[in-house]
Protein chains: 2
Amino acid sequence: MLRLSGERLTVVYRIRADSLTEAHARARDICYEQTVELPEDLPIREDIRGQVVGRIESLRPTGPASFEAIISYAVEIVGAELTQFLNVVFGNVSLKPGLRVEAIEFPEGFLRHFRGPRFGRTGLREVLGVWDRPLLCTALKPMGLTPQEMAELAYEMARAGVDLIKDDHGIADPPFCPFRERVPRCVEAVERANRETGRRAVYMPNVTGPADRVFERAEYARRAGAGGLLLSPGLTGLDTLRALADEDRVALPLMAHPAFLGSLLVGPESGIAPGVLLGQLMRLAGADATIFPNYGGRFVAFSREVCQAIAEATARPMGAIRTIFPVPAGGMTLDRVPEMVATYGTEAIFLIGGALLHQRHRLAEAVRDLHRAMGAA
Amino acid sequence: MLRLSGERLTVVYRIRADSLTEAHARARDICYEQTVELPEDLPIREDIRGQVVGRIESLRPTGPASFEAIISYAVEIVGAELTQFLNVVFGNVSLKPGLRVEAIEFPEGFLRHFRGPRFGRTGLREVLGVWDRPLLCTALKPMGLTPQEMAELAYEMARAGVDLIKDDHGIADPPFCPFRERVPRCVEAVERANRETGRRAVYMPNVTGPADRVFERAEYARRAGAGGLLLSPGLTGLDTLRALADEDRVALPLMAHPAFLGSLLVGPESGIAPGVLLGQLMRLAGADATIFPNYGGRFVAFSREVCQAIAEATARPMGAIRTIFPVPAGGMTLDRVPEMVATYGTEAIFLIGGALLHQRHRLAEAVRDLHRAMGAA
């Protein structure tokens, strides 16, 4: 006889269906598919049917052929593992078209298993010593530069007043720019600039890589003096971010990149709402900052409202989990900074890559203008 | 001055666009977005533009508002890492609606970095000692059973003649069925049945779990005598499968489950073709068998043609990489077995869960009928 605690994790699904009857059948299907993985008409023991099978808490129409179902699951079947959490919320039903995760409510009994971000907004501001404005981030690019060329660019960016200088996420460990050569060079370059400016800019190398290399690279970067790390959890698995955040031998601020997660985000009828995946889940997994494609930039997928939902999720109360920085990015131009300040406020990191590179001949001036625009909040 | 080898990885993208001009602009955007991540109009050094930026090999209309672009990338920017491979093929552009990966052609210079499946079709047949028919697999369910109850079911399945007995993919390490208690019990149960039948059925526990636990669980399972392992790479990251296949301390047949990958698969306009992701990429990463939702089953997403494309990809020539088993699954009923044999031939694993559980009172007879139907190929 199974005796579970009764504490429940609640998930809001958007369901495509032509009628309330069909929506109800689809909601019941989610309850079974995500737990016992048996059709409802097979005999299932009563204690399992009552406690393990998901439960429909509510179901209502929200638009043409669109319904909202709130379904709850026992926290015990989710356990303390992010992999199993993702599986219960959206594992098998990801394969059924017209189902989307719109919101998740985490019970205390689930949240207490997670330490979350090690730094969060306050911790990262302490590292940088910047308190009164949004933070400025850039990416070292393009791929094809040598470690020496990356380091020169890192120096110039730090010298000009950029706070966070990260690898472009596409640069992992290519033969023409090996990780172990690039990292110490860029660290040294940023430290040199810091000695000259008196600021505390940090270099964040990209540690996205093979499952058996991520931690090795992260520890190497830490020993080399890197001030933070970049990871793409869509490529490594979300729990690799969690494990990296929990690793005391690393203990550096982490920035999450959304590469390869797009198919979960851009379809209006499948996937997971961006505020949930890039906001809540990156934060739960331990990112101190979460990059997402800003509205009106190079990526057209997200509206202003979607971006605001992500930003909102980075600071919403979430047990003891720290607040983190939203990082709007993707083709941001310098003249949009005042609008971004109006949208995101000062508790944000603005990631400006190409547009700053374009101003390389007058970088100090361009960054000074940016600081001024950011201070105008 | 960058000097790359000239060897290229080729990706076929389906592009939504209203005109050839728009399709061409989108194809060029892919070339830049997936490599240098700069807009085309920014100055880029000539050696980088010529060698790092992707190259359009061809572009043609394929239907209303649909185009096919073949784009190639230098193997050096992909390197020897699956994470970086996924990133170059579909990292950032996954966030741009209306782009889908339809096919990938792997050059020898990329494939030689991968060992692939350790067993493959021949190796798995050797383990089981079954040569003349499709293999039969079942899943231990429903979630909510105790380890003792799982073991009883495993015993009955092995006794009846099921070849591969795996954990339901939703059972990881719940408090009511801990991994370390379940595995030795199920191993013992299957071994006991094998002693009685003279067959060599194997138990495959689910090792999907936290990034820092997968290998620990896999090694524990190996020491406990498990005959194979189940992993959901959509939850752990695809490269965890690769690392598991490469790990000599594990060295067990691996079955891959598609949980959480659905949003990449079900949208016709975004994601990666199922034959590529569940066929080629699971195989490249080292799965000996790849589970997918069969047409006409509980999951409606895939057509018969899509399923055949997956099956075809498991055996297509791919350098020195072994052929693997397609595993159609998801609400398979006993009466569909002849049709499945007609579709997939004998080089397949038929995964039948709920329907066999429904026959638990006459399991030996049901499995005997199945063997007969499978032998009728």
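This is a predicted model: local features need pLDDT of at least 70, side-chain atom pairs count only at pLDDT 80 or more; totals for chains, interfaces and linings use all residues.
**A guided reading of the two-chain model**

Pro142(A) is located in the loop that connects β5 (135-140) with α7 (147-160) of chain A. The peptide bond between Lys141(A) and Pro142(A) is cis, with an omega of about 0°. Chain B shows a cis bond from Lys141(B) to Pro142(B), with omega near 0°, and Pro142(B) lies in the loop between β5 (135-140) and α7 (147-160) of chain B. Most residues other than glycine have a negative phi, and most peptide bonds are trans.

Phe260(A), which is not a glycine, has a positive phi near 75°. Phe260(A) belongs to the loop between β9 (254-256) and α12 (262-266) of chain A, and with a relative accessible area of 9% it is buried, the limit for that term being under 20%. In chain B, Glu37(B) likewise is not a glycine and has a positive phi, of about 50°. The loop between α1 and α2 (46-51) of chain B holds Glu37(B), and this residue is buried, at a relative accessible area of 5%.

The size of an interface is often given as the accessible area lost when the parts come together. For chain A and chain B the buried area is about 6,300 Å², and carbon and sulfur atoms give 63% of it. On the side of chain A, the residues that lose the most area to chain B are Leu95(A), Met143(A) and Phe260(A), together 12% of what that side buries.

How are the two chains arranged? Chain A is superposed on chain B by a rotation of 180° with 0.0 Å of shift along the axis, at an RMSD of 0.0 Å. The two copies are therefore related as by a two-fold rotation axis. Within chain A, Gly237(A) has the C-alpha nearest this axis, 2.1 Å from it. Of the interface residues of chain A, 100% are also interface residues in chain B, so the copies meet through the same surface.

Inside each chain, strands can be followed one pair at a time. In chain A, strand β1 (residues 8-16) and strand β4 (residues 99-105) run antiparallel and are joined by six bridges; Val12(A) stands opposite Ala103(A) of β4(A). On β4(A), two bridges make a parallel pairing with strand β10 (residues 271-272) of chain A, where Arg100(A) faces Gly271(A) as its opposite residue.

In chain B, an open sheet of five strands has the order β2-β3-β1-β4-β10, with mixed pairing. Seven bridges connect β2(B) with the antiparallel strand β3 (residues 66-74) of chain B, and Arg55(B) stands opposite Ser72(B) in β3(B). Helix α1 (residues 20-33) of chain B packs on this sheet, touching β1 (8-16), β2, β3 and β4 (99-105) of chain B, and its direction makes about 140° with that of β2(B).

Finally, the interior. In soluble globular proteins, nonpolar side chains tend to be buried together. The largest nonpolar core has 248 residues, of which Phe85(A), Phe106(A), Leu284(A), Phe85(B), Phe106(B) and Leu284(B) touch the most other members. Leaving aside residues up to four places away in sequence, Phe85(A) touches Leu9(A), Val78(A), Ile104(A), Phe106(A), Phe110(A) and Leu281(A).

Key: Residues are numbered from 1 along each chain as its sequence is written. Chains are lettered from A and ligands numbered from 1 in the order in which they are written. Side-chain values use heavy atoms; hydrogens and water are left out. Copies are superposed by least squares on the C-alpha atoms of residues with pLDDT of at least 70 in both. Contact means heavy atoms within 4.5 Å. A nonpolar core is a set of buried Ala, Val, Leu, Ile, Met, Phe, Trp, Tyr and Cys residues joined through side-chain atoms within 4.5 Å. Buried means under 20% relative accessible area, exposed over 50%, partly exposed in between (1.4 Å probe, protein chains only). Two strands pair if DSSP finds at least two bridges between them. Helices (H or I, at least four residues) and strands (E, at least two) are DSSP runs, numbered from the N terminus. Axes are lines fitted to C-alpha atoms, for helices over the stretch in contact, and angles run from 0 to 180 degrees between N-to-C directions. Buried area is the accessible area (1.4 Å probe) that two parts lose on being put together, summed over both.
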